[in-house]
Amino acid sequence: MIALTSSSGNTLHVIVFASQDPQALNNVMKVMKDMGASDVKKLQLIDAVSGVVSSATYQVLKGMSAVASITEDRQRVLDPGPMGQGDGAVPAGQANSVDPYMEPEALNVTHADWGQSLGFSGQGIKVGFVDSGVDYKHPDLAAAIAAYVDTTGAGLKDEDGHGTGTASMVGAQGYYVYNSIINQYMQVKGMAPDAKIYEAKVFDKYVGWDSNIIAGIQWAVANKVDILSCSVGTYDFISDGNDPVALAMQKAVESGVTVFVSAGNEGPGQGTVNTPATARGVIAVGASTFYREFSQEGFLVQVGGQTRSDQVIDWSSRPPTADGRMAPDIMAPGAFGWALAPTYYLSSSGARGVQEFGGTSQASPVAAGCTALLMSAYKAKVSDMLPSPAWWANFIRSTATNLGYPGSDQTSGLINVSSALDALLARKPGFLMSDNEWAVDSGSPTPLTVTVKDMGNADQKITVTPTVFSPMSEDTLTWSDHLIGTNSVRHNFSIPEGTEYMDIETTWSQGGPYVCFRNAVYDSEGAFVTYAPTYGGYGRLAQSLVSLTGPDPPAVGQDPWQIWVFPRGGMAPATDTLIVTRVVFYQEAPGGWVDASSSSVDLPAGGTASFTLSLNSNAPSAPGSYFTQVRVSNGGQTATIPVVLTVPVTIKDDMGSFDGSFTGSTVEYSGGEYYYFHFAVPADTASIFATVSWEHTGNVVWIWLVSPEGKMTVVNGGGNDLATWINTGGLGSFDQTITAEQLTWTDPAPGEWMLGVFAGGFWGGDFSEKFAGTIALNADLFSPSSLSFTVAAGESSTQTLTVSNALGLASEDVFGMPTSGTMAVQTTATYKGTIAPSHNGAEDFYVVLVQPNTKSLDLTLTWQAGGSPLSLNLFNPAFSAAGSSVSPEFGTQSDGKATVTIEDPMPGVWYVYVDYYGTGNYHPVTYMLGIAMTAPQPCAWLSVSATPASPLTIAPGASGDITVTVNVPSTAKAGTYTAAIYLDTPTGDRLGIVPVTLTVE
C-alpha cells in the first residue's frame, strides 16, 4: 500500500526500489524530480529513492522497467521505555540515605565496570545511533558526541528524551547529576564512555518516517561507524525482516557495521519480536532485570531493601519471527534503571538531566556499549582490524551467561563483559562457536554443524548437552482468593529440592477490562526478585518467570518465599473477584527432541572442533513453532544454542488442520501472542478457506493470510473492531461471545502461504485456552460457478446464486457487487462534522469498506481553520498507519485542506480519523470529509438481493440464496453482454467472482 503524506493535491509518500540495472537508481530519481516530486532522498543503501509524488507520477513509476517495487513510506513510533513505577500501587520512597552508586546498575550486571577497570572503555570505537536526537550540550555527554545529523528537518533538539537516554548508555561520562526523583546526587556512566557517538535524529519527538530512519542509517554507514544501535520498534502482522527499515539494517550489517536493535516490549507472548529487530544479521536484544532503582524509590521493596537481578523481564518480546527465525539474539539489562535526559527536558517524574529508563530501548544500547568496550580491548590486545559483524554476534553469544531459562525466553543468555574479556585475552579457557542458534523447518530438517574454536592456549573438553525443562507436576501449588477494592493477598511457599526454574501465574476472569492484578515475588531472604507489570485490558493473566540458577541466584533457604498479589493502581475491582495463583516448578535435564553427534568434543589449543545437531524421533510433528536449547560448556563457560522448529500444516485432499493453546499473555505495552502456521498452496488453487475456534467466550482473536510475496491479503477478528483495541490499549468493547473466526481468499498465488493468529485478549478462567484451526483449499463456496441469461429487450429475469458456509464456524455476512469490469472513480461517502477542540485534543472517527480489486482510495478533508488546524489519518484493516496529512497552513487563520490517497489498498474495513492536536485556539472547527474510490464500475443492468447495506447472513454449516436480477432496457440492442458479481464480506474476504453472460434477443 502507498500512503499520502502531503496535502498538495493527491500526492503519495513512497519508497521506490530500483531494479538491478546499474543506472536504474539514477533513472528513477531523475523521473521523480522531473515530474515535480518533493523531499526526494536517494537511499542508495537499499537501492531506493524516497519522495512525495503525485498519483500520475506513481503510475509512471509503476510502469518503469527500472522500478522493482514501490512501498509506502510509513510512520514509526519509538518503542516506549516501560516504567515499573507511577501506578499508585505502592507509594514511592522519600529521600534516600543509600550512598550514591554509579548508575545504571547495568554497569555491574554486565561487568562493564570491571572491563573499564582494566583500561578498556571504547577507545577508538565509533558508535552510531538512530533515535530522537541527543542533547549534545549535556555536560555529562558532550565529550562523547563526535557528530550528529537531523534527517527530519525539525532541528537537532531532542524533544523526546529517548535519544539522549539511549546515547548515555554508551557515552555518559559519570559526572554527578542531581536526581530530584529520589532527592540525591548520582553518577550516570556509559558502558563505553570513551567511544565516540554519531547521532542521527530520525524522529521528530517520537514519530519518524521510514525514509528518515533509512537516511540516518545511511549516514552512519557513510561515517564508518563500527556499531549502530537502534531502539526503534514497530510490530507488524508480518514481522519477517523484509520491510524497508529492516532491509536497510541488513545492508548496514553487510557493509561491516555491527548492528544492535531493541527486540520490543510486547512479551511474554511468543512471536512478539518487533521490526527491524527481525532484520537478518542484526543482533536483536531482549531485556533482563536489574532493580536497584526500585530500592531507591521504594517501589515493591523498602527503600534500601535488597533486590535480585538477572531475571528475564516478562514483557521482553519473544521468538519466533514470522518466517520462523530465532530472535532476540542476546539479553541485556533493561528493567529498570537511570539514564541521562536532556537538561531542558522535564521528565514525567519531574526531573531534569536524568530520567527513569527501561525496556529493550535501554537493553540495545547497553549491549552495544558492552561490545564497544570489547572492541577497544580487541584493538588494544589482538589486532587493529576488527572482525566482521557475524564474528561479534557469535562472540558475545558464545560468552553470554546462561540465565537458567528455556531458550525461548533467554535465547543465548545475558551479555557478559567479564566472560568475553577472559576469552578474548586468554585469561581463562574460552571458545567461540560459529553458529549460536538453529532455526529448522520439519519439512526439510537440514542438520546444523557447529564449529567451535579455542580462544586460548590450552586444550579443552567441550560438552554438548541438549536439554529439556520438565515440570515437577506433583509439586505444583495453587491458591484461590477473593479480592475487592485495593485488598491484596500474600502467599508463602517452599521450593522443592531440585527446582531450577519457576512459572508463577495469576489469573482472573471477572471485573471487566479495567480490572488488573499483578504479582511480585520475594525470595527466602526477603529480597525482591521480579514481578509481572501487567497493564490490564483483556489480558487477564500476570506471569512472573523465575530462574534459580542465574549469575545472581535468588536465595533458597529455610525461610519461605512469598508471592504478593495486588491490584494495579487505579484498576482495582469494584466487586468481589476470584483470582487464582499457580506456581509450577521445573527441572532442566538432558534430553528433548534434538540430538548432538557427540556429547563431548576435544578442542586442541588454538584449534577447532565440530559437532552436529539434528532432530530425533521425539521432534514435534503437529503444526506450529517449538523451542528448546543446547548447552555447550567447558566447565567454566556455558553457552546456549536456542533452537526453534517450525512444523508446517500438511494439506491432504485439500484439507489441513492445526491446534494449540493461548497461554494468556499479559498484554502489557500492546502485547499479545502471535502464532504462525505455514502451508503450501499448489498452482491452480481456486480458494483458501481458514477457520480458528476456541472453547470459551472472552478471548479476543484475529487471523490473517500472508501470500508468498509477503503481502497480507485479508484480516478478520476481534469482533472486527481492531481500531478500538489499538486505540484503547485493549480496553475497548468487543463482542466477547465470539468463539471462532474465519476468512476466505480466492485465486491465491502458488507457493508457501502463512495463516497468522493473534491472541490479543485472554478470558482468564484458566491458565490456557485451547484452540483449533482448519485450512481448506478449493472449497465449494458458491454455485453455480457462472450465470447465463437470455432476455428480450425491456424484460427482466432472475436466477438464484447459492452461497455456502458449510465449513464455517461463525456466521458470515455476504453480499454481491455487480460490476461491468471497467474502472471508475466512485464517491463512496461525504461527511460533515464539527470538532470542539480542547487542550487534550479531539478526534472524529469513520470507517470505510474497501472491496477487493479497488485500485485507489482517495480522501479529502476541508475545513475553515480559524486557527484550529486538523489532520487526516488513515489506518488499514490491520491497523497499520497508512496515510497522514495536514494543511500546510498549520496554525494559521486560513482555511485548510488535507488529502490522502492509497494505491492498491488492502480490502476490508479501513479506519479514518479527523484529529485536532491543539494550538492554543480551541474554537469549534467545521469540516467536510469526502471519500472516493477507483474501483470496478457497477453494472447498470445487473442487481443482487444481498448488498453491502443489507448483506445475507449465513449461519455456520448452512447456505443461503442471493437473488440475481437482470433488467434489460427497452432500448437495448440485440447481442451478448458480460459482467461479473464479486461475492465479498464486510471484512474484505472474497468468496469468488461469478461471471455473468447476458444474451439480448
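1. Start with the handedness: H9 passes H12 in a right-handed crossing. Keep in mind that this is a predicted model.

2. How do the two axes sit? Those of H9 and helix H12 (residues 417-424) cross at roughly 20° and come within 11 Å. Angles under 35 degrees count as roughly parallel, so H9 is roughly parallel to H12.

3. Which residues touch here? On the H9 side you'll find Cys370, Leu373, Leu374, Ala377 and Tyr378, and they meet Val417, Ala420, Leu421 and Leu424 of H12. Sorted by class, this contact of H9 with H12 has nine nonpolar residues, with no polar and no charged ones.

4. Helix H5 (residues 162-171) packs with H9 (residues 360-381) at an angle of about 30°, and their axes are 7 Å apart. By the cut-off of 35 degrees, H5 and H9 are therefore roughly parallel to each other. The crossing of H5 and H9 is right-handed.

5. What makes the contact between H5 and H9? From H5 come His162, Thr166, Met169 and Val170, while H9 supplies Ser361, Gln362, Pro365, Val366 and Gly369. By class, the contact of H5 with H9 has four nonpolar and five polar residues, and no charged ones.

Conventions
Residues are numbered from 1 along each chain as its sequence is written. This is a predicted model: local features need pLDDT of at least 70, side-chain atom pairs count only at pLDDT 80 or more; totals for chains, interfaces and linings use all residues. Side-chain values use heavy atoms; hydrogens and water are left out. Axes are lines fitted to C-alpha atoms, for helices over the stretch in contact, and angles run from 0 to 180 degrees between N-to-C directions. Helices (H or I, at least four residues) and strands (E, at least two) are DSSP runs, numbered from the N terminus. Angles under 35 degrees count as roughly parallel, over 145 as roughly antiparallel, 65 to 115 as roughly perpendicular and the rest as oblique. A crossing is left-handed if the near helix is turned anticlockwise from the far one by less than a right angle, and right-handed if clockwise. Contact means heavy atoms within 4.5 Å. Ala, Val, Leu, Ile, Met, Phe, Trp, Tyr, Cys and Pro count as nonpolar, Asp, Glu, Lys and Arg as charged, and the others, Gly among them, as polar.
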